[in-house]
Amino acid sequence: MSRPPFPPFTRETAAQKARMAEDGWNSRDPVKVSLAYTEDSVWRNRGEFFQGRPAIVAFLTRKWEKEHDYRLIKDLWAFTENRIAVRFQYEWHDDAGTWHRSYGNEQWEFDDAGLMRRREASINDVVIAEKDRRFLWPAPGPRPADVQGLGTDPF
């Protein structure tokens, strides 16, 4: 199995890879998302450490059972031959209806087939008022083309 674009990355292919990851996560389909990773992919997500597609599916299933109406934007931060760094924000609400915006960054490492073999994510959550939400497109689904990325706005 392979997942283009392949390393070595250019600015354009690294940005394409980030947008593809964003679209996948916005589908909220744990099995579909897991296919972008190697069978033995190693993850750190906040304080959780795990490895392999079955663990990725289990993690994402738990995540999206807790984080309702999840919408995500990822932007390319930096890249090298087979590594990409992104910054991201996502919005979601909990079972009580409290809205959150989560800010973070990820470091990714890819194999030659374009599958992610390592993912490290650092994330912070902030409670927001519903009126302060910015990610308002229909979910689940990709961010529409007319909704800008994070651009230069860090917050």
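The following dialogue explains how terms are applied to this predicted model.

Biologist: What makes Trp-25 and Trp-43 a stacked aromatic pair?

Modeller: Rings of Phe, Tyr and Trp (its six-membered ring) pair if their centres lie within 6.5 Å; planes under 30 degrees apart count as stacked, over 60 as edge-to-face and the rest as tilted. By this rule there are 12 aromatic pairs. For Trp-25 and Trp-43 the values are 6.0 Å centre to centre and 15° between the planes, hence a stacked pair.

Biologist: Why is this pair said to tie together parts that are apart in sequence?

Modeller: Trp-25 lies in helix H1 (residues 11–27) and Trp-43 in strand S1 (residues 37–45), so the pair joins parts 18 residues apart in sequence. Helices (H or I, at least four residues) and strands (E, at least two) are DSSP runs, numbered from the N terminus.

Biologist: Why are Phe-88 and Tyr-90 called stacked?

Modeller: Their ring centres are 6.0 Å apart and their planes lie at 15°, so this pair is stacked. Ring pairs also link Phe-88 and Tyr-90 into a cluster with residues including Trp-25, Trp-43 and Trp-64.

Biologist: How do you know that Phe-88 and Tyr-90 are buried?

Modeller: Buried means under 20% relative accessible area, exposed over 50%, and partly exposed in between (1.4 Å probe, protein chains only). Phe-88 has 3% and Tyr-90 has 2%, so both fall under the buried limit. Trp-25 and Trp-43 are buried as well.

Biologist: What makes Lys-74 a charge that sits over the ring of Trp-25?

Modeller: The rule requires NZ of Lys or CZ of Arg within 6 Å of the ring centre and within 35 degrees of the ring normal. The charged end of Lys-74 is 5.0 Å from the centre of the Trp-25 ring. Likewise, the charged end of Arg-133 sits over the ring of Trp-99, at 3.8 Å from its centre.

Biologist: What makes one space a pocket and another a cavity?

Modeller: On a 1 Å grid over the protein atoms alone, a cavity is a set of points where a 1.4 Å probe fits but cannot get out; a pocket is an open set with protein on both sides within 12 Å along at least five of seven lines. Lining residues have an atom within 4 Å of a point. The largest pocket has a volume of about 220 Å³, and H1 supplies the largest share of its lining, five residues.

Methods: Residues are numbered from 1 along each chain as its sequence is written. This is a predicted model: local features need pLDDT of at least 70, side-chain atom pairs count only at pLDDT 80 or more; totals for chains, interfaces and linings use all residues. Side-chain values use heavy atoms; hydrogens and water are left out. Grid points are joined across faces, edges and corners, and a volume is the space filled by probe spheres set on the points.
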